[in-house]
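Please take the sequence and the model together, and follow the path below from the strands to the helices and the packing between them.

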Amino acid sequence: MKIVIANDHAAVDLKMEIKEYIESLGHEVINIGTDSDESCNYPEYGEKAANMVSAGVVDLGVLICGTGVGISLAANKVKGIRCGVCSDTATARLIRAHNDANMISFGARIVGAELAKDIVKAFLDTEFMGGRHATRVAMISDIENRQ
């Protein structure tokens with residue numbers, strides 16, 4: 001798979017570790033986040049990564065900021081994006097299986113590197129279940145399309 005990874009200044013070190021981890025799993029990673037700890041604006045990175053996912057340039061996205069929330073809020077403003085904030089592996093699996101999430105986010109100030117790796121692996125290894133969940137995802141898309 002081709003995965004985009006994006007981050008703000010709070011998550012540079014964790015981003016590099018997660019990027020290398022995803023590559024070790026055999027995936028291609030496109031890094032569009034900052035590589036500097038100089039203050040920057042996470043909405044720019046969240047939007048840019050979400051646009052790549054929405055356009056089909058990449059398969060999935062991984063976002064990291066201080067909490068994971070701000071960058072996910074920006075990404076979720078892009079049509080077709082379903083990004084969930086995860087601090088545990090169960091949520092990472094469930095947002096893929098039940099919500100067909102195409103992006104995940106987490107906080108560098110919230111989870112450590114090893115847990116972040118486990119979260120990413122759970123997300124990448126899980127497939128959308130479809131069925132009754134597809135109906136609900138379609139309902140979410142309908143809301144988005146009415147806006």
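**Strands, helices and core**

Isoleucine 5 has asparagine 31 in β2 as its bridge partner, where strands and helices are DSSP runs numbered from the N terminus, a strand (E) having at least two residues and a helix (H or I) at least four. The model is a predicted one, in which local features need pLDDT of at least 70 and side-chain atom pairs count only at pLDDT 80 or more, while totals for chains, interfaces and linings use all residues. Residues are numbered from 1 along each chain as its sequence is written, and side-chain values use heavy atoms, with hydrogens and water left out.

β1 pairs with strand β2 (residues 28–31) in the parallel sense over four bridges, two strands being paired if DSSP finds at least two bridges between them. Within this pairing, isoleucine 3 stands opposite valine 29 in β2. From β1 the chain passes through α1 to β2, and this β-α-β crossover is right-handed; that is, with the strands pointing away from the viewer, the path from the first strand over the helix to the second runs clockwise. β1 also pairs with β3, again in the parallel sense, over five bridges, and there valine 4 has glycine 61 of β3 as its bridge partner. Five of the six residues of β1 are buried, which leaves the strand mostly covered; buried means under 20% relative accessible area, exposed over 50%, and partly exposed in between, with a 1.4 Å probe and protein chains only.

Helix α1 contains lysine 15, and this lysine counts as buried because its relative accessibility is 0%. Not counting residues up to four places away in sequence, lysine 15 touches Ile5, Asn7, Asn31, Gly33, Thr34, Asp35 and Ile64, contact meaning heavy atoms within 4.5 Å. Isoleucine 18 also lies in helix α1 and is buried, with a relative accessible area of 0%. With residues up to four places away again left out, isoleucine 18 touches Ile5, Val62, Ile64, Phe106, Ala113, Ala116, Lys117 and Val120.

The largest nonpolar core has 23 residues, of which Ile18, Ile22, Val62, Ile64, Ile104, Phe106 and Phe123 touch the most other members; such a core is a set of buried Ala, Val, Leu, Ile, Met, Phe, Trp, Tyr and Cys residues joined through side-chain atoms within 4.5 Å. At least two residues of this core come from each of β1 (2–7), α1 (12–24), β3 (60–65), α4 (89–97), β5 (103–107) and α5 (113–125). The largest share, six residues, is supplied by α5. Isoleucine 22, apart from its neighbours within four places in sequence, is in contact with Ile3, His27, Val29, Val62, Val120 and Leu124. A second, separate core has 18 residues, among them Ile32, Cys40, Met52 and Ile81.

Two further details concern a ring and a loop. The charged end of arginine 96 sits over the ring of phenylalanine 123, 5.5 Å from its centre, the criterion being that NZ of Lys or CZ of Arg is within 6 Å of the ring centre and within 35 degrees of the ring normal. Aspartate 100, placed in the loop between α4 and β5, has a phi near 50°, a positive value in a residue other than glycine. Most residues other than glycine have a negative phi.
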